[in-house]
Amino acid sequence: KLDTDQLIIDAGQKQFGATTCSSCGMVYSADNPEDNFQHTQFHQRFLDSIKYVGWKKERVVAEFWDGKIILVLPDDPKYAVKKAEEVRRIADNELGFQQVTLSRPAQSKTFLFINTDRLVVGCLVAEPIRQAYRVLEQPDHNKDMTKDDFMERHRAWCCSTVPEQALCGISRIWVFSLARRQSIATRMLDTVRSTFVYGSYLTKEEIAFSDPTPDGKMFATKYCNT
Ligand code: ACO
Ligand code: ZN
């Protein structure tokens with residue numbers, strides 16, 4: 001799939017000799033010593049954080065040919081809570097969130113997508129909420145991106161001023177950069193809807209995204225319209 005964004009990024013990377021590490025996904029310039037150093041620093045720490053060794057007691061909530069989704073709750077064994085925190089920290093870091101505190105830690109549910117290489121490649125944190133402000137419908141810009149569309153894509157969300165009933169807030173959703181566009185976020189969200197409230201399947205109106213990024217917005221718009 002080609003779009004103007006991607007062409008610009010590729011051209012930029014060639015020009016500055018940037019490479020993408022095929023294991024940690026970091027984009028850096030291999031001929032720049034400082035960049036190299038930063039990559040070395042990041043690489044092992046990142047891979048350690050997303051490594052999943054397997055637990056005796058794990059709560060598998062969905063299984064696929066390319067992985068599974070496990071659920072971690074606040075009262076789970078320490079090793080599980082610690083791993084969930086570790087991955088959440090990575091997601092927060094990428095999202096530019098400063099603090100790792102959750103609004104309702106005791107009721108938060110962390111869903112982790114584990115791939116067949118035993119890496120945590122997806123993380124979703126869901127929390128019960130009572131109300132939310134609906135994101136107003138915006139046109140789809142997937143095809144024929146012009147410069148105006150590009151600007152539009154990076155604009156802030158337009159939210160309604162009327163609070164509406166919602167049950168489940170998605171406070172964070174993150175997929176490892178090298179594993180994106182493989183429906184991992186979609187499958188995590190489908191799993192949240194079927195397991196968040198026991199015995200019921202939440203509608204798309206009953207879930208709300210908090211503070212979405214441009215990526216999050218593109219994803220949420222697509223997800224909510226299909
Ligand atoms: N640009 C355009 N469309 C997109 C994008 C994107 N960046 N991401 C998803 N979509 C749309 C596509 O239509 C896609 O279907 P397609 O691949 O068949 O075209 C559809 O959404 C489904 O996408 P998934 O494959 O399920 O999404 P993915 O697993 O790639 O994860 C996510 C999406 C979580 C937003 C990922 O890009 C990411 O982690 N980004 C960085 C962190 C981030 O910004 N997270 C959202 C923060 S908002 C919040 O946490 C509440
Ligand atoms: Zn690397």
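Strand S9 gives the most to the shell around ligand 1, with 6 residues. Helices here are DSSP runs of H or I with at least four residues, strands are runs of E with at least two, and both are numbered from the N terminus. This is a predicted model, in which local features need pLDDT of at least 70, side-chain atom pairs count only at pLDDT 80 or more, and totals for chains, interfaces and linings use all residues. Side-chain values use heavy atoms, with hydrogens and water left out.

**Who surrounds the ligand**
- Ligand 1 is surrounded by 23 residues (each with a heavy atom within 4 Å of it).
- Among the closest are Ile173, Arg181 and Thr213.
- Strand S9 (168–175), helix H5 (184–195) and helix H6 (214–225) each supply at least two residues of this shell.

**Polar contacts (pairs of N or O atoms within 3.5 Å)**
- A polar backbone atom of Arg181 sits 2.7 Å from an oxygen atom of ligand 1.
- In Thr186, an N or O atom of the side chain is 2.5 Å from an oxygen atom of ligand 1.
- A nitrogen atom of ligand 1 lies 3.0 Å from a polar side-chain atom of Asp215.
- The protein buries 87% of the 970 Å² that ligand 1 exposes when taken alone (Shrake-Rupley method, 1.4 Å probe).

- Helix H2 (residues 33–50) and helix H3 (residues 78–95) pack at an angle of about 135° (between N-to-C directions, from 0 to 180 degrees), with their axes (lines fitted to C-alpha atoms over the stretch in contact) 9 Å apart.

Definitions and conventions:
Residues numbered from 1 in each chain as written. Chains lettered and ligands numbered in written order. Polar contact = N/O pair within 3.5 Å; in protein donor to acceptor, adjacent residues only side chain to side chain.
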